[in-house]
Each structure stands twice: as structure tokens, then as C-alpha cells.
Amino acid sequence: MVETSKDDIGFKWGRKGRPGGKDREAQFYESFHFDGVEYARYDCVYLYKEGEPEPFVGKLIKIWETPTKLRRAKVLWFFRPCEITNYLGTEQLLENELLLASGEGVGLANVNPLEAIAGKCNVICTSKDPRNLQPSHEELQMADFVFSRTFDVGQRKIIDKIDERICGTEVKFIFNRIGSLNHNAVEKVLCLDKEDEDLGKNALPSEAIVKSLDDLNRPLKKRKLDASEILLGNKHKNDEGKSTDGVGRQASIQSGSASEKQFKNKNLNESPRGEKVLSLKPEEKFMELSCGKLGEVSSHQSPRKDNHEALPVDVDKNTWFKEPPFEDRMQTACEQGTLVLLRNLDPTYVSTEVEDIIWQGFREKCSAKMLPQTTTSSPHSGQAFVIFKTKEAAKRAIKKLYTGCLVLPDGRPLVGCVETPCSPGKQSTFNGHLVISNPKQPQTRETKEAVSTSHFSQPNTIVYDMAMEWSLQQQKLDFILDKLYKKHGMELKKVKAHLKSK
Amino acid sequence: MAGNAETEYAAFLEKVKRTVYVDNLSPQVTEHVLRAALDQFGTVKSIQFMTNYIEPEHIPKRALVEMEDEEQAKAIVDLVAGCPLMILGMPRPLSACAAKVEMFEDRPAKPGRKIEVRWLDPDDPDFEVAQKWKDIDKRHAAEAQLVLEVRKAEEEKLAKQQADNLKANFAKYEMINASMADGTVERLARHYGMNLRDEV
């Protein structure tokens, strides 16, 4: 816990907020910095979840640090139209339109670790409400998304008006505010600046295909911007807007996106739409497919964001925050059945090597933790906890390890099993530290506040005798364990001798 | 690049040498307390408490303490082996030994090692051996588990026994004190003609 605050390079809390809410222990914040970017309360952000091709979009409505130094944010969700296909009916939505969650029920908001935030997102409110600061034409173009309506998660229908209060947040924080627009716009331009390099390279269609494949490996935020760029490019009015823009930088963007568009049009002429999408952006295709499926199968009853809390955040993809400790992820993984304990590893292996072994053996990506050796753990068999991406993968791996034999270079087979990790939290009992409780002498203030120290006990005290008893017992038990492991070593040697190969 | 990894690993091995593994710490022991305790014998460079992933919760806290050099680390191990050192409580002393590479959770990978695993063909003559090996491993794990449980029980027993002794002793001293205070002892001394005063 100490390390989280120490190791985050570039992370800084900003303004402190007023204490409040249920948890008096928590420290609320109005903003925080990461890597030169300031995130403030009520900013819109991307949140990435494992297994989702597209990041979620949400609004930070509360930011705080728990007494245990965990950084948390309450996120009010935006829905993408494809997430709620079932309830859209005949509603027509703009391509980059989002729906703000409202009402009461699952899918409205969740508490997430701050580490889940993948980047800033420029969402502009286009509501005609007089209290809403109307965005300019330019700002609209810059927006990643716009919204003017809400989706009531309780009644599951689209509402044209924005309520006075959503999830405890006043509507004035939901509308565009002075400062919010300009700030976002500047950010966006900076991002686009980087973008146009990429787009410039895209003049040749063949290169574009290569690039779109490369996209999968690129950092999320950038990828996201690409996608929105394309969305914008598709839209008529935005294209017009761009061409009227005289600024040099904008012009270069335009030429970039124009070439992209050309390429798209070309493709469009040549092949049906599905293929076009496929050739352009594999991940988008995937999204469309999954959304289509969700639309057909009516199992998509409730908005799925609610899983957010339970599912571990995919940290591989956003490396600029320190990932939550493996311990935490291990707990969630255990609940979800994606946790596997591997045994009989070489104790000298490290976590990354275990991940590599899993990849070689199962072609599964995973997150592993080689358990550190202690004086009581077996020197022959190393253990590692592995978190698989899915429950099925974990089950498959255990079964395969049981029926088959995955052998390591020295001929030892890997063993996999389900094991519950010890639950975190402070252990309270510790055998062997005694307290004399004297009912006549209640603890004084001094004794309570005494600075605890360490000492060697003198041989002429009772304590020394007792300590000796402990030492004796310790050595006796160590000896037993040592004996046991020696015996194990002998047995393993015998088995190894039977191996034909090697 | 490779050279880089090697120097890094070498640096890590050096760090291991000057690190002490400290066991049997009370859960209340914090970095600050441990540092204060061990700074008496040298300079503590860093302290890393070990995360307990799998063992039952009752196990004591453990830490890897990096000292300034190897001698200091050795000195601590010898000292603690010689006399019982207690931190934040009595009488269970802490134990210490030299740290091993495998105890470090975030250790770097051994450079230049490539692990290749393969699935054994069921017809492979080694297949049966490997299956047997797996069974042995399972048995070993269970045996070790049992020993650790016995260990815990023993520790509990000793703790309880000591606590009972302490309570009895305390009660005894209380009784003596009380009889001194209310004059019973003096009465008895007079009765038996004994001199309670220390002076001759």
C-alpha cells in the first residue's frame, strides 16, 4: 500500500474536496494529475474493461482515496447506442451520440478504481436547455461524442429531457460549463496534432490496411481517437465544417482524413459494407458483430456495465497507472473461477516466465504470480497463481494438466488445481505475545501511548525462559519440516531416475 | 540489452546477499518499528514485507530487510540466533536467516534462460512417470500442509501454556502482595518467631 503512492510517477492528487458521504474516512478530491493531464471532477473519461473491444465512457462524479490508500472514482455511465440496442426502438441517434444513464437501477453508476481510467474523453452536451452552455460549431467537431438525451436504467427507455439530478449530481455539472469546453477543445487539438502524422501516412490503401491491423497494438486512447475520427469523417456536416476551416493544422488533418475517406469510398465501391469494415478496422467489425448478436438474442436484459465493479480491470492495456496489486485481482479472480494454482514449478522461475509457460502450453494469455519462497515452503515445488482471462480457459487448463502432462525442461510435469488464496486483511491473532491483564490497574494513558520497542531479553528473566521455549520449539518444527522436504527430495530423485528421456 | 539484463541481475544478487529474511513478526509490526529495531545493528536500506498469498492467515508476518552490506546482514542473523530478540511483544522472539533469491517476489528473471515446455505424448514412456510424479507432488503438498497445521497447533499450545503459566504466576504474586498489605504476613511471622526484616 505504501508503494502505490511512491511508485506512481506522474500521479498527483489535485485539489482536495470537502469531506462527506457515508465514508468519513475517505479523502475526497476535486482533481488529480496524471502525466501532465489534469483530470477534474465531472470530466468525462474512457474506461477500459477486459474483453470489451471499445472502452466505456463515463463521467467522474466523485473522486476519493480510501483510508487504505486505494484511489476510487464514482463513474456515471454513458451508453453507446449499441449497448442498448434492445431499447432503442425507432429512435434515430447520431453516429457519435451517447446516452447518459439516469433513473435508478443497475447500470447507472459504479465505483471503479482510478486506475481503470484510460484517458480523457471529450463529450459535449447538445441539450437545448437554456442552462446548457451551447457549444460552438467548432467545438462540436472536436467532440469525441455528444449527448442530449438520457437512458433511464430503471424504466429502460430513452428520455429526451435531462433530469434535475442524476445519481446525486446536479444537472449544472452535467451540462457544458464555462471552461470545460475550451479546455477540452485545446486538448483535442493537441491530440489531433499527433493524429495527423498517422493519417498522413495513410495515403496508400494498402498501407492503411496494415495500419488498421497495427491499430490493435496501439495504445488505447489513440486507437479510440482514430475511431472517432472515422466516425466524424463519415459525417457530412463535419466534413463541411472541416473544409471551411482555414487553419494550417486543421488543413493537414483534413487532407489526412480526406485520404482516409477516399480510401473508404473506394472500398465501398468495390465491396459490400461488411467487408469494408473488416478491411478497415477489424476491431470495429468485432464490435458490430457482438452488438448485432446482442440485439438479436434477448438475453441482453440489463445494461452490462454493472459487471464493471466485479470484473478486474485489464491493466495490460493501460500501463500508465500502476496496476492494482495482484492480491486484489487474485481475490476477484477467485470469485470468478479464473484463478488456478500451478504447482511443481521450478522455484527459481519468475512470474513472467510462468506466463510464458502458460502461453506455450495453452495459447492463453494470463497474469501470473510466482509465489515467493519462505522458510516453510517446499524447496522442490514452486507455486504460482495464474489468473486466466475466462473461467472456461481456467477450467480447460486444469483439466488438460490433469489428463495430459505438460513437462518442464527438467522433465517435471506441471500440476494445476483450484485453490482459494488466503483472504487479505489484517490478521489479528498472533500466538506467543502475552499480555498481563490486571483488572485492578486499568491501562493508563501512558501505557496505551507508549512507544513500542524491541529488546533482547536478559537471561535472568522469566521472559527469557519463555523465549527459549519458543526458540526450542521453532527449531524442532523446522527440523521436522526439513526432514520432510529431504524425504520428498529423495522420492523425487527416484522418480526422476525413471525418466527415459534426458 | 542482454548485458543490461545481466548487470541488473548481478545487482539483484548482490542485494540478496545483504538481505535478511525475518520471520515470526507480530502483525502489528510496521516498517517503522522494524526499521527502528534493526537499525541498532547496522543501517537498514529497505524493508519489504512479504505478501502471504496462500498460507493460512495465522502465519506470522515476514519481511525481507536489506542492510547496507553483507556483514551487517550476517551479524543480524547471528545475533538473533544467539539471543532472543523481541519486537512489539513478548516472549516469542523473531527468527532470521539469510535471504534467498526465490524469496523475492519481484525478482528479475535469470537472464538468458529460455524455458521450453512440451506436452508429453500419451505413448511416451515418460508419460506414466510424469503422471506418477504429479501424484507424488500432490501427496507432498498434502504432507507439507499437514506438517504446517501441526506446527500451528504446537504454537498455539505453547502460547496457551505460557499464558496459563503467566496467569498463575501473576495470581501468585498478587496473593503475596495482598497478604503483605493486609498484615497477614507479619502476623504469621510473629506467630512463628521469624524475622521479616532484611537487616541482621
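**Strand S7 of chain A and its partners**

Q: Which residue takes a positive phi in the hairpin of S6(A) and S7(A)?
A: In this predicted model, local features need pLDDT of at least 70, side-chain atom pairs count only at pLDDT 80 or more, and totals for chains, interfaces and linings use all residues. Strands are DSSP runs (E, at least two residues; helices are H or I, at least four), numbered from the N terminus. The hairpin of S6(A) and S7(A) has five residues between the strands, and the residue with a positive phi near 70° is A:Lys69.

Q: How many bridges pair S6 with S7(A)?
A: Two strands pair if DSSP finds at least two bridges between them. Residues are numbered from 1 along each chain as its sequence is written. A:Ile63 stands opposite A:Ala73 in S7(A). Strand S6 (residues 56-65) of chain A runs antiparallel to S7(A), and the bridges between them number eight.

Q: Which residue of S9(A) stands opposite A:Arg72?
A: S7(A) and strand S9 (residues 109-113) of chain A run antiparallel and are joined by five bridges. Opposite A:Arg72 stands A:Pro113.

Q: Which residue of S8(A) stands opposite A:Phe79?
A: Strand S8 (residues 97-102) of chain A pairs with S7(A) in the antiparallel sense over two bridges. Opposite A:Phe79 stands A:Leu99.

Q: How many of the nine residues of S7 are buried?
A: Buried means under 20% relative accessible area, exposed over 50%, and partly exposed in between (1.4 Å probe, protein chains only). Strand S7 (residues 71-79) of chain A is mostly covered, and its buried residues number seven.

Q: What is the mean pLDDT of chain A?
A: pLDDT is the predictor's confidence in each residue, from 0 to 100. In chain A, 62% of residues reach 70 or more, and the mean is 69.

How values were computed. Chains lettered and ligands numbered in written order. Heavy atoms only, no water.
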